[in-house]
Amino acid sequence: GILTVSELAKLLGKTPAEIITSLIKKGIMATINQEVDIDTANEIAFECGCEIEVEAEEEEEIEGLEIEEDKEEDLVYRSPIVTVMGHVDHGKTTLLDSIRNTNVTEKEAGGITQHIGASVVNISGKKITFLDTPGHEAFTSMRARGAQVTDIAILIVAADDGIMPQTVEAINHAKAAQVPIIVAINKIDKPAANPDRVKQELSEHGLLVEDWGGDIISVPVSAKQNENIDTLLEMILLVAEMEELKANPNRKATGIVIEGELDKGRGPVATVVVQNGTLKVGDPVVVGSTYGKVRAMLDDKGKNVKKAGPATPVEILGLSDVPQAGDQFIVVGSDKIARSVSEKRKDKIRAAQMKASQKVSLDDLFQQMQEGAVKELNVIIKADVQGSAQAVKQAFEKLSDEEVAVKVIHGGVGAITESDVMLASASNAIIIGFNVRPVSGAKSLAERESVDVRTYRIIYDAIEDVKDAMTGMLEPEF
Ligand code: GDP
């Protein structure tokens, strides 16, 4: 169990110099990046009057939770997990419905399809898993919790409407997560459809489609009239092959919760996607900070199954509590281990909450730079008019120097929203607003997520603040 002087300083709300002084008093000569053991850390915490127990941090150190690396020869192809994103009303829901319908066998067609939060589509023997909650908000809030389930993002753009603000958000959220994008140009059945204009606008946002000389695959479709959906599915499989998605089905399962709820009759129910290994009925499992034993599993067609391999979504019963979307699950060796890991995780989550302040902020940017903790300042810019968003983006990117690259990961027009805050949280970014304010939910979310949100009326002031922060000259705000 080890953490560095600077980590300990942050944890205790002290400067690294203060910690170093305490260490010297104990006869330990330390530098800022030096590691101290847990016992020493606890002694120092005690001396500072901090009521915290510094615990062994690494997950792997919790007994029973060791996750072995897979050997190359054990890995086999797994099917892709896909999310649909795009502007409201551009056809996300219709596309998902149409994809599901192309795939319903006659036997199933009569029955009731029970939604479990994800669905599997079969195309000539190959499978694709679609997450049912479309949109970049769900995608990014999971990412902010450290979970990335999506392998490929389908960006849907209505051909009669073109790129809209949420299209731009979706592009930037997918880019920030480094997920490959396939563009579905939708509503081509409409007389006003203009796919070429969509391609032109995409290029303005850094997505160059194939017939424009780029490498982004775009497929014209009509979700409503089921046109060209099969081509879109083939393209997903093509991209999946290039991504070389692999997993080892012959091990204990790990994966991510995509939905959790309390069902009156069945108790806590979680929809999970297996990322590696095979999940089986009877497996003892740790899920986020809760645990249980898989009592029953239902697949996306509502059928009882005994096993679920990589990339398979299943609903599981038998947990002691309701987990959250984005929680990780891990199958462990025994019920006893599951329970004790769950206890330890609860403690860990408490510790993590104390550490939330480790996110980047202008106030401690310089310090974090000095410690080598920050090499890149990610910024999200929201402004009242497009012109100033653009101007600020350019001015900011010019501030980059040898020590820190300033990177505007998203810029847009309008108030600061919850989605902006989640993107900032997931990408360790700060948010800068010009003549705009956070919507009320965004403000409290920013506090919870420790995201630094600053609003300005004058561009010059913002530039000065960032410059000052980069050189350690920023006066703290009171
Ligand atoms: P979402 O908000 O992105 O989920 O969009 P929806 O799937 O709810 O679609 C919004 C509207 O566009 C609905 O009225 C759909 O019927 C319509 N729509 C979706 N796809 C198409 C399409 O390919 N062609 C036409 N003409 N309308 C579509």
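Which polar backbone atom is 2.7 Å from an oxygen atom of the ligand? The atom belongs to Asp 89, and the pair falls within the polar-contact limit (N or O atoms within 3.5 Å; within protein, one must be able to donate a hydrogen and the other to accept it, and residues adjacent in sequence count only if both atoms are side-chain atoms). The model is a predicted one, with local features needing pLDDT of at least 70 and side-chain atom pairs counting only at pLDDT 80 or more, while totals for chains, interfaces and linings use all residues. Residues are numbered from 1 along each chain as its sequence is written, and side-chain values rest on heavy atoms, with hydrogens and water left out.

An oxygen atom of the ligand sits 2.5 Å from an N or O atom in the side chain of Thr 93, and a nitrogen atom of the ligand is 2.7 Å from an N or O atom in the side chain of Asp 189. On its own the ligand exposes 580 Å², and the protein buries 76% of that (Shrake-Rupley areas with a 1.4 Å probe; for residues, only the protein chains shown count as cover). The shell holds 15 residues, with Asp 89, Lys 92, Thr 93, Thr 94 and Asp 189 coming nearest; being near takes a heavy atom within 4 Å. Helices here are DSSP runs of H or I with at least four residues, strands are E runs of at least two, and both are numbered from the N terminus.

Now for a loop residue. Asp 132 lies between β6 (126-131) and α6 (136-144), and is buried at a relative accessible area of 15% (buried is under 20%, exposed over 50%, partly exposed in between, with a 1.4 Å probe and protein chains only). The Asp 132 side chain makes a polar contact of 3.1 Å with the side chain of Ser 119. Beyond neighbours within four places in sequence, Asp 132 touches Leu 96, Arg 100, His 115, Gly 117, Ala 118 and Ser 119, contact being heavy atoms within 4.5 Å.

As for the whole protein, there are 15 helices and 23 strands, and 48% of the 478 residues are buried. Among contacts with a separation of 6 or more, 71% join residues 24 or more positions apart. The accessible surface comes to about 23,100 Å², and carbon and sulfur atoms account for 49% of that surface.
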